[in-house]
Amino acid sequence: MNHWWEKDMSGCGLSGIINTDGKRISGSVVRKSIALQHDRGNGLGGGFAAYGIYPDYKDYYALHIMYTEEPGKPTRDLYEARKETEAYLDGTLSVKKGEDIPVKITDKVKSHPLLNRYFVKVRPDKLAEVGGGMNEDDFIVSVVMHINDKINNAFVFSSGKNMGAFKGVGFPEDIADFFMIENYEGYTWTAHNRFPTNTQGWWGGAHPFTLLDWSIVHNGEISSYGINKRYLEMFGYKLALLTDTEVVTYIFDLMVRKQGLPVEVACKAVAAPFWKDIDRMPESEREAYTALRAVYGSGLLNGPFAILFGHSRGLIGMNDRIKLRPFVAATKGKTVYMASEESAIREICPDPEKVWAPRAGHPVVVALDKGVA
Amino acid sequence: MNRTMPPEFRVKIDHEKCRKCKRCLQSCSFGVYEFHDRVMPDNNKCVACNRCVTMCPEDAITINETPNVYKDHPNWSLQTRKNVWKQAETGGVLLTGMGNDRPYPIIFDHLVVDACQVTNPSIDPLREPMELRTFLGRKPDKAEVTYKDGKLSLKEKLPPQIQLEIPIIFAPMSFGAISLNAHKSLAMAAKESGTVYGTGEGGLHSELFEYGPWTIVQCASGRFGVHSEYLNAGVAVEIKIGQGAKPGIGGHLPGEKIGAEISQTRMIPIGTDALSPAPHHDIYSIEDLRQLIYAIKEATGYKPVSVKIACVHNVAAIASGIVRAGADIVYLDGFKGGTGAAPTMIRDHVGIPIELALAAVDDRLRQEGIRNQASIVAAGGIRSSADAVKAIALGADACAIGTAALLALGCSLCQKCYTGNCAWGICTQKPELTRRLDPEWGAMRLNNLLRAWGHEIKEFLGALGVNSVESLRGSRERLRGLGLDAQTLDILGVKPAGR
């Protein structure tokens, strides 16, 4: 067994916006919000996730892949890595279009990996070959795991439909300019400013971490990472990206997508109520929460965190059980804002209707209105 | 002509201090003392249990090790020579008690624990909730729940679990090996502290049936005391295949320790040696074990079944087989585990350390995707809360303490348990000795130990930045090795300190 991985840690800044009526807005808005939280990062990582940005390809999985150096491993020619990956994609999926992700070189982001995106569909014959009750989503997950684990220097950094992640080494506002996110329009945006304490920042280590249409930006450090990782490995997840945020993404994927738990229940499993509170609940609830903790104990996320996780139909923000990282939420009209600081919200929404600091362990769950997007 | 072996210990009486109260004569259960106008010790009988030293009101007794009068030899320690002399004299098997006392490496002492600094805050156990509650038993991959109007409810109940308020249980020690008062102390403490104790293979005395909810009843190869009421008396049934002190051989209760009460509880004749068979004679393969596990489940309405094994070379594969055979708990007993009686050679040379076995079993069960199907209990040389924390980080759901529990009851580790002369009233059946152990006092001492260790474990958790023990369980990342070779680190799944 491989026990020789090393964990990146980070303390950071978060911002998120969702228009529950599906109204799409430019990335420049969230850029403004995260730029205000400049000092929450140290320039070694910034990133964004956006939903609704590829309306012309909304039925295709949009794979964002970077070809880059991997910390602690020897590098080969990145064009070789791309060739190998593209050959794999052509052989496994139906690729509608593959292209470089448009970027603008600035003096703030001087060097960068090869950055490509591919709009793909699952081939029925390939899916049938695998069998075993796998559906299209499972198939794409296996493709992502394969590329991340088996193809050196290639990393899938988003794999959802009609959404995408944009991230790299640099302050988030500089990464925003690099990817020209002002040109994209989405109904949900999340942003992240990273302060890794491992000085070797690398493009794959920036947030968000994604799988299918889940994306997670995270401020915190998962003290339970050691066991969360081993728990997920038992279900076949491969944690290649060495950052504890990856664990959060996969735990939600396991509980919500694979096991079909409602997302609120998954939140209660990862930030479970204390026994002192469970013991005072009425009998049937007490039994249910006890069972939840007994079954998902290895999935409990311990350590300080504030997390925003987005998916195609909503946005969820939550804290650890004793709120060791800041997290503020606000609403105005059909828009909900979440951020590490109230100032970041007021920067883009000077007069919100409601502003509050959500309680420890109680998630803020926002869903798109039915029928939109 | 037999060699006069030098006594192991020398008893020195300070006759100026001694006021001839004769309490030492009353206290000693090994026949050391006589009184001929002053206290006269017979050094040959002394086992250094220190009961007399504790009881002497004038502090007039000193016990020292006898210096070696023979020529030193690096290969032939005095003990090795004594063993050969004894066997040449008697033709017998060397017998001993408690756990392995050879200087094997202690792997726990080569593991160090992480703490949070700066990037992650440590948590204050005195001011924040810190949770040790643990559930032993089979758990499904997924919880079947419904969530409606903000209320969670369970669609499908979990298989039965044993709830522990602290991840430490009392190791099974038989009634026979230890006294009824010792068993009572363990039962009462288990109830008070919210944990469980094991009956061991001597059956369950009728006075202890009331502690059923805090009892794991054992079914060992001798099947002592096993009847249907017994099987249903506890919260779980434990099938004892082996124990760390003597892997591959059965339990051993010398005839000297078998009086009327033992005879009745174990259902055997008074005064005969109770030598349990090596294997269960109905378990010759893993499928036979499966048959017994399910027979017991049917007999008890599907209570959890634990299977206790000694840690041996193939422990990972054996544990996997045991889980697939239906066990809800796998109890791993390392080679330093204690016993009331065992052949010295077996105790000291057979079996492997709990640290390595635990790591290997936890890894194997995860590799096979079945880790949640059984809880792992680790035993065999858990000396402190630090050992417990390290064992939990390696993958144990809970630890079991045997020797530590007996030490709490007053034991001084003289290793003479098999003689039935325990001066502390712990591992004897003689009424004049067993009355020395008051169960209420014993339970208080055990509760104190668990409370102390519980607080210490919470301090560790707080320093680690976690507030529930399940976030430490199996998190090898929180341990580092110091002075261990690369292969051992790999087996433990632990990085070297500095990485």
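This note comments on chain B of the model and on the contact between chain A and chain B.

1. The model is predicted, so local features need pLDDT of at least 70 and side-chain atom pairs count only at pLDDT 80 or more, while totals for chains, interfaces and linings use all residues. Residues are numbered from 1 along each chain as its sequence is written, and chains are lettered from A in the order in which they are written.

2. Chain B holds 15 helices and 23 strands, these being DSSP runs numbered from the N terminus (helices H or I, at least four residues; strands E, at least two). Of its 499 residues, 51% are buried, meaning that 20 or more other C-beta atoms, placed from the backbone, lie within 10 Å of the residue's own. Along the principal axes, the C-alpha atoms of chain B fill a box of roughly 85 × 55 × 45 Å.

3. The contact between the chains takes 42 residues from chain A and 41 residues from chain B, where two residues are in contact if their C-beta atoms, placed from the backbone, lie within 7 Å. On the side of chain A that touches chain B, helix 10 of chain A gives the largest share, 10 residues.

4. Within chain B, helix 4 (residues 180-193) and helix 14 (residues 439-463) pack at an angle of about 45°, with their axes 8 Å apart; axes are lines fitted to C-alpha atoms over the stretch in contact, and angles run from 0 to 180 degrees between N-to-C directions. Among the residues that meet there are Leu186(B) in helix 4 of chain B and Leu446(B) in helix 14 of chain B.

Conventions:
Buried ≥ 20, exposed ≤ 12 C-beta atoms within 10 Å, placed from the backbone.
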